[in-house]
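Let's walk through this two-chain complex and see how its pieces pack. Have the viewer open as you read.

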Amino acid sequence: MAEDKSTQKGRDATAEGLRRDIDENLKRVFEASLDPEIPDRFKDLLAQLKARGGTR
Amino acid sequence: MTGPDPRDELATHIPALRAFAISLTRNVTEADDLVQEAILKAWGNFDKFLLGTDLRAWLFTILRNTFYSARRKTRREVADPDGLHAAQLVTQPAHDGRLAMADFTRAFDQLSPEHREVLILVGANGYSYEEAAQMMGVATGTAKSRANRARARLCELLGLAEGETVLIPSSSSGAAAPGMGPQAA
């Protein structure tokens, strides 16, 4: 039935809008959780690995 | 050999790796241990990295594989892909049509690791279902349905109904970031 189809279409559009909002929120929260500062333990680790690789 | 060594780019991906690890483990200390292990594995396997492909995706894959194999070994958490157990612990936030980042994060933390993972890959990082499926080692259809179930679960946890405004204000990103998961006490 045509009416059912358009209702379904409307529902899909709403669902699509909700999906976009959720994904946008996920992006914002993820970006807000990024700490640009790299802890010393990782700087040291990378330096050690690099040094080891260089002597091979 | 010409071109930049992907090893030199590893450091630039550490913030994203840490954020991904926190969203999987929900524990800052555990997350950094996981990142360390993933870096070590990546370093030992750089000969298997295809130059010109997405280094972050490759690192994310190593990190999530490390997370799940450790989890299988220790079995610290009961297998609960749809977060049914977590659902019993939830309290729905009262919101007035606008959503606070803290509420969103709290609801996100209630999801199963599988649901958190797919939302971080597809939602937060914008990977396609196909790319996310490859990283998770599942079929594309599985990645898509998992992502949709995860979004539905998140809406349910947030008490969101269709047609509500669910965008968190972008001004709240940046300052006082709660992070993807609880901060270490």
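The sections below go from the chain contact to the domains and then to the helix packing.

## Ground rules

Keep in mind that this is a predicted model. Everything below is computed from that prediction or taken from a record, and the record entries are flagged as such.

## Where chain A meets chain B

Start with the contact between the two chains: 25 residues of chain A touch 33 residues of chain B. On the chain A side, helix 1 (2-33) and helix 2 (40-55) each put in at least two residues. Helix 1 of chain A gives the largest share, with 16 residues. Sorted by class, the side of chain A that touches chain B holds 14 nonpolar, eight charged and three polar residues.

What does UniProt say about chain A? Its unreviewed entry places the feature "domain: Anti-sigma factor NepR" at residues 19-52 of chain A.

## Two domains in chain B

Over in chain B, the domain assignment gives domain 1 (9-76) and domain 2 (78-174). The contact between them draws eight residues from domain 1 of chain B and nine residues from domain 2 of chain B.

Which helices build the domain 1 side of that contact? Helix 2 (14-25) and helix 4 (55-74) of chain B each supply at least two residues there, and helix 4 of chain B has the largest share, with four residues.

## The annotated stretch of chain B

## Helix 9 and its partners

Now for some helix pairs in chain B. The axes of helix 6 (residues 101-110) and helix 9 (residues 140-158) of chain B come within 9 Å and cross at roughly 125°, so the two helices are oblique to each other. Their crossing is right-handed. On the helix 6 side of chain B the contact uses B:D103, B:F104, B:A107, B:F108 and B:Q110, while helix 9 of chain B brings B:L154, B:L157 and B:L158. Count these residues by class and you get six nonpolar, one polar and one charged.

Helix 7 (residues 113-124) of chain B also packs on helix 9 of chain B, at an angle of about 105° and with the axes 9 Å apart. That makes helix 7 of chain B roughly perpendicular to helix 9 of chain B. From helix 7 of chain B, the residues B:E114, B:H115, B:V118, B:L119 and B:V122 meet B:A143, B:R146, B:A147, B:A150 and B:R153 of helix 9 of chain B. This contact has six nonpolar, one polar and three charged residues.

## Helix 7 against helix 8

How do helix 7 and helix 8 of chain B cross, left-handed or right-handed? Helix 7 of chain B passes helix 8 of chain B in a right-handed crossing. The axes of helix 7 and helix 8 (residues 129-136) of chain B come within 9 Å and cross at roughly 140°, so this pair is oblique.

Here B:E117, B:V118, B:L121 and B:V122 of helix 7 of chain B meet B:Y129, B:A132, B:M135 and B:M136 of helix 8 of chain B. The class tally for the contact is seven nonpolar, no polar and one charged. B:V118 and B:V122 of helix 7 of chain B are listed in the contact with helix 9 of chain B and also in the contact with helix 8 of chain B.

Definitions and conventions
Residues are numbered from 1 along each chain as its sequence is written. Chains are lettered from A and ligands numbered from 1 in the order in which they are written. This is a predicted model: local features need pLDDT of at least 70, side-chain atom pairs count only at pLDDT 80 or more; totals for chains, interfaces and linings use all residues. UniProt positions are given in the numbering used here, feature names are shortened, and annotations may be inferred rather than shown by experiment. Domain bounds come from an automatic or database domain assignment. Two residues are in contact if their C-beta atoms, placed from the backbone, lie within 7 Å. Ala, Val, Leu, Ile, Met, Phe, Trp, Tyr, Cys and Pro count as nonpolar, Asp, Glu, Lys and Arg as charged, and the others, Gly among them, as polar. Axes are lines fitted to C-alpha atoms, for helices over the stretch in contact, and angles run from 0 to 180 degrees between N-to-C directions. Angles under 35 degrees count as roughly parallel, over 145 as roughly antiparallel, 65 to 115 as roughly perpendicular and the rest as oblique. A crossing is left-handed if the near helix is turned anticlockwise from the far one by less than a right angle, and right-handed if clockwise.
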